[in-house]
Amino acid sequence: MKSFIAVTILTIAVNALCIWDVWHTEKVFKYMNKESSAIHYELVNEDITSPQLAKRITELDKYWTKKMDILCISISRKDLQPVSDHLQFLKSSISNNDQETAVTYSLLLKYNVEGLKEISGFSLVNIL
């Protein structure tokens, strides 16, 4: 009877961790997708010298750096690293006032975040 209680508690704990992980991952990638799309749109339609744009990219980089360690629970760091790389390239493009490179890296960031959201989200294809 004691082992049944222990197994039940462990099962509940593991399931709770899985549900929390799916919820957290969805939340992070939803925010990252929204922000990376907004940054790309702003870079395409406005001048790169906007201080608001640089602030937005810096805040997104800080957010990603903080959340990336938690996402490593369920997603390989190797898969998450390109997002960090694209954010760093984007930050350097902003500081160099290179509009074309910034647009390119913002689009790469956007596509990479969308791809990670697809492969890590809760869907029938990912369950199979």
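Which helices are included in what covers the buried residues of H4? In this predicted model, local features need pLDDT of at least 70 and side-chain atom pairs count only at pLDDT 80 or more, whereas totals for chains, interfaces and linings use all residues. Residues are numbered from 1 along each chain as its sequence is written, and side-chain values use heavy atoms, with hydrogens and water left out.

The cover over the buried residues of H4 includes H1, H2 and helix H3 (77-95), where helices are DSSP runs of H or I with at least four residues, numbered from the N terminus. Helix H4 itself, residues 99-120, has 22 residues and reaches 31 Å from its first C-alpha to its last, close to the 32 Å expected at 1.5 Å a residue, the expected span being 1.5 Å times one less than the number of residues. Buried in H4 are Gln99, Ala102, Ser106, Leu109, Lys110, Asn112, Val113 and Leu116 (buried means under 20% relative accessible area, exposed over 50%, and partly exposed in between, with a 1.4 Å probe and protein chains only).

H1 and H4 pack at an angle of about 155°, with their axes 9 Å apart; axes are lines fitted to C-alpha atoms, for helices over the stretch in contact, and angles run from 0 to 180 degrees between N-to-C directions. That angle makes H1 roughly antiparallel to H4 (over 145 degrees counts as roughly antiparallel, under 35 as roughly parallel, 65 to 115 as roughly perpendicular and the rest as oblique). The residues that make the contact include Phe29, Asn33 and His40 of H1 and Ser106, Lys110 and Val113 of H4, contact meaning heavy atoms within 4.5 Å. By class, the contact of H1 with H4 has 11 nonpolar, 8 polar and 4 charged residues, with Ala, Val, Leu, Ile, Met, Phe, Trp, Tyr, Cys and Pro counted as nonpolar, Asp, Glu, Lys and Arg as charged, and the others, Gly among them, as polar.

Helix H1 (residues 2-45) also packs with helix H2 (residues 51-71), at an angle of about 160° and with their axes 11 Å apart, and H1 and H2 are therefore roughly antiparallel to each other. The contact of H1 with H2 has 15 nonpolar, 3 polar and 5 charged residues.

Asn97 lies in the loop between H3 and H4 and has a positive phi of about 55° although it is not a glycine. Most residues other than glycine have a negative phi. At 48% relative accessibility, Asn97 counts as partly exposed.

Terms used. Helix = DSSP H or I, 4+ residues; strand = E, 2+ residues; numbered from the N terminus.
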